[in-house]
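Biologist: I am new to this structure and would like to learn how to read it. Could you walk me through it, one feature at a time?

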Amino acid sequence: TAYRRQRQMCIRDREQEKHRQTQRAYQQLFRAHTQPMWLINEESRQILDVNDAAIAKYGWSKEEFLTLRADDLQYPPAQSQDALDEHFASFLDSSGHNTIGKRHRNREGHPFWVELTTHPVHFDDADMLLVTGVDISVQVEAARAARKALKHLEDAEKLGRFGSWEWHPGSSTMEASRGMARLLGVPYKDRRMPIQIAIDRVHPEDRHLSKAAVEKCMEVGDSETQFRGMLENGDIRYYREMFHRQVYNAHEVVITGSVIDETDQILHMQHLEKQGSDLRTMLISLPAPVVLHEPGENSKLYLANPAFYCMLGVPAGEESSIANLSQLGAGQEQKNFLRQLLSSECGQPSQTPKQEILLKRVNGSVFRAHIHCTRLNLTEQNMVQLVIHDLDDEIVLREQLRQANQNLSKLNSKTIKVLE
């Protein structure tokens, strides 16, 4: 019996020594841990012990910490006990390991984000919670910035009518942005989209262009193409797409792309081209000599109709600039006057009187002309219109008309005499 008691005492002493060693090892680990740690009473939430990292991070001394409750670390402070209970119930769980993100404050009242991890422990013959806090302020701000950037990108895609996508060669799906789904006219459920949907939206006659652009991107790293898109409702849209090849870990290849809707610009350019074509057709058919040119002495002719070249007796297209056109004046004084007239800013028709000038044809003959200069805004370009009237031809026509009227009067007089 004595031996048994002595043996039990030895076992108990060894267990107590083992427990003390475990406690000392725990204390060393607790004190030396690089992350803030503290022990709290789950029921009262009173802080029972803290390590040096917590003292350095929060700014309170150990003595001050021991006067605080876990509630005092919360930011902003809870307005009621119920709010506190709800706050701590979300992470003070003695049933096992638990992790959650919270906002804490330091001794100066400055807030920061921490990830709190709790573990139920039995220490000094008491149950308590071990709480570890990791500062995740940088990660939280980065996540916020990423969400903000993503929102701005979605807004920009919506306003700018563009989208982006990412595809791993060989995969049947791609990751598409919300703007990309909007361009294709398909519902946006998540970023994953079957690549066949995108292929089906390309006009059948332009699919070879997209295929060639992808193959070029795989070969040289970048490519660009333009194609027509055909929406489900039959609308035709015009797109420009840029491809980029990216290689990760020396093996993983990813193709990324950006698509912008250029329909409005292309339709507008087509409208301007039609306006320009209609203008040329109208001016060419005019019987009076007409010249259109850009303002300025060194500007080029935009259009001169056949009547203009016929009046000068030169082949069409020879006079290509205002500087050459000014040489048509008969004499240096007339050339200088014509150059000044052509290079000056013209106003509206009612503000610009006709200018009389002597011009010289290629054959050397000189004739008088009226030049009417008008400032126009055609096809989003500033133009100067010159309308030229040959006064000599007009005088000849007037004289012929006067003689015809005289002859008609004489004929009328003879007719009256015959009737009498």
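Modeller: Gladly! Let us begin with a term: helices (H or I, at least four residues) and strands (E, at least two) are DSSP runs, numbered from the N terminus. By that rule, the secondary structure of the protein comes to 13 helices and 16 strands. Please keep in mind that this is a predicted model.

Biologist: How many residues does the protein have, and what share of them is buried?

Modeller: There are 420 residues, and 34% of them count as buried. The protein exposes about 25,700 Å², with carbon and sulfur atoms supplying 53% of that area. As for contacts with a separation of 6 or more, 39% are between residues 24 or more positions apart.

Biologist: Now the strands. In what order do the 6 strands of the open sheet stand?

Modeller: Read across, the order is β8-β7-β6-β11-β10-β9, with antiparallel pairing. At the edges are β8 (192-194) and β9 (222-230), each of which pairs on one side only. From one strand to the next, the twist averages 30°.

Biologist: Which helices pack on that sheet?

Modeller: Helix α8 (residues 207-220) does, touching β6 (162-167), β9, β10 and β11 (252-261). The direction of α8 makes about 165° with that of β9. Helix α9 (residues 263-284) also packs on the sheet, where it touches β10 and β11, and its direction makes about 135° with that of β10.

Biologist: How do I read a pair of strands in detail?

Modeller: Now take β9 and strand β10 (residues 236-248), which pair in the antiparallel sense over 9 bridges. Across this pairing, Glu-224 stands opposite Met-242 in β10. Another antiparallel pair is strand β1 (residues 37-40) with strand β2 (residues 47-50), joined by 3 bridges. There, Leu-39 has Asp-49 in β2 as its bridge partner. The hairpin of β1 and β2 has 6 residues between the strands, and Arg-45 in this hairpin takes a positive phi near 60°.

Biologist: Back to α9: what length does it reach, and which of its residues are buried?

Modeller: From its first C-alpha to its last, α9 reaches 31 Å with 22 residues, close to the 32 Å expected at 1.5 Å a residue. Its buried residues are Thr-263, Leu-272, Gly-276, Leu-279 and Leu-283.

Biologist: Which residues have the most contacts inside the largest nonpolar core?

Modeller: They are Trp-165, Met-174, Met-180 and Met-193, in a core of 20 residues. At least two residues of this core come from each of β6, β7 (173-176), α6 (178-184), α8, β10 and β11. The most comes from α6, with 4 residues. To see one member up close, look at Met-174: leaving aside neighbours within four places in sequence, its contacts include Trp-165, Trp-167, Met-180, Met-193 and Ile-195. Apart from this core lies another, of 17 residues, among them Val-291, Phe-308, Leu-386 and Ile-388.

Technical notes. Residues are numbered from 1 along each chain as its sequence is written. This is a predicted model: local features need pLDDT of at least 70, side-chain atom pairs count only at pLDDT 80 or more; totals for chains, interfaces and linings use all residues. Side-chain values use heavy atoms; hydrogens and water are left out. Two strands pair if DSSP finds at least two bridges between them. Axes are lines fitted to C-alpha atoms, for helices over the stretch in contact, and angles run from 0 to 180 degrees between N-to-C directions. Contact means heavy atoms within 4.5 Å. The expected span of a helix is 1.5 Å times one less than its number of residues. Buried means under 20% relative accessible area, exposed over 50%, partly exposed in between (1.4 Å probe, protein chains only). A nonpolar core is a set of buried Ala, Val, Leu, Ile, Met, Phe, Trp, Tyr and Cys residues joined through side-chain atoms within 4.5 Å. Accessible areas come from the Shrake-Rupley method with a 1.4 Å probe; for residues, only the protein chains shown count as cover.
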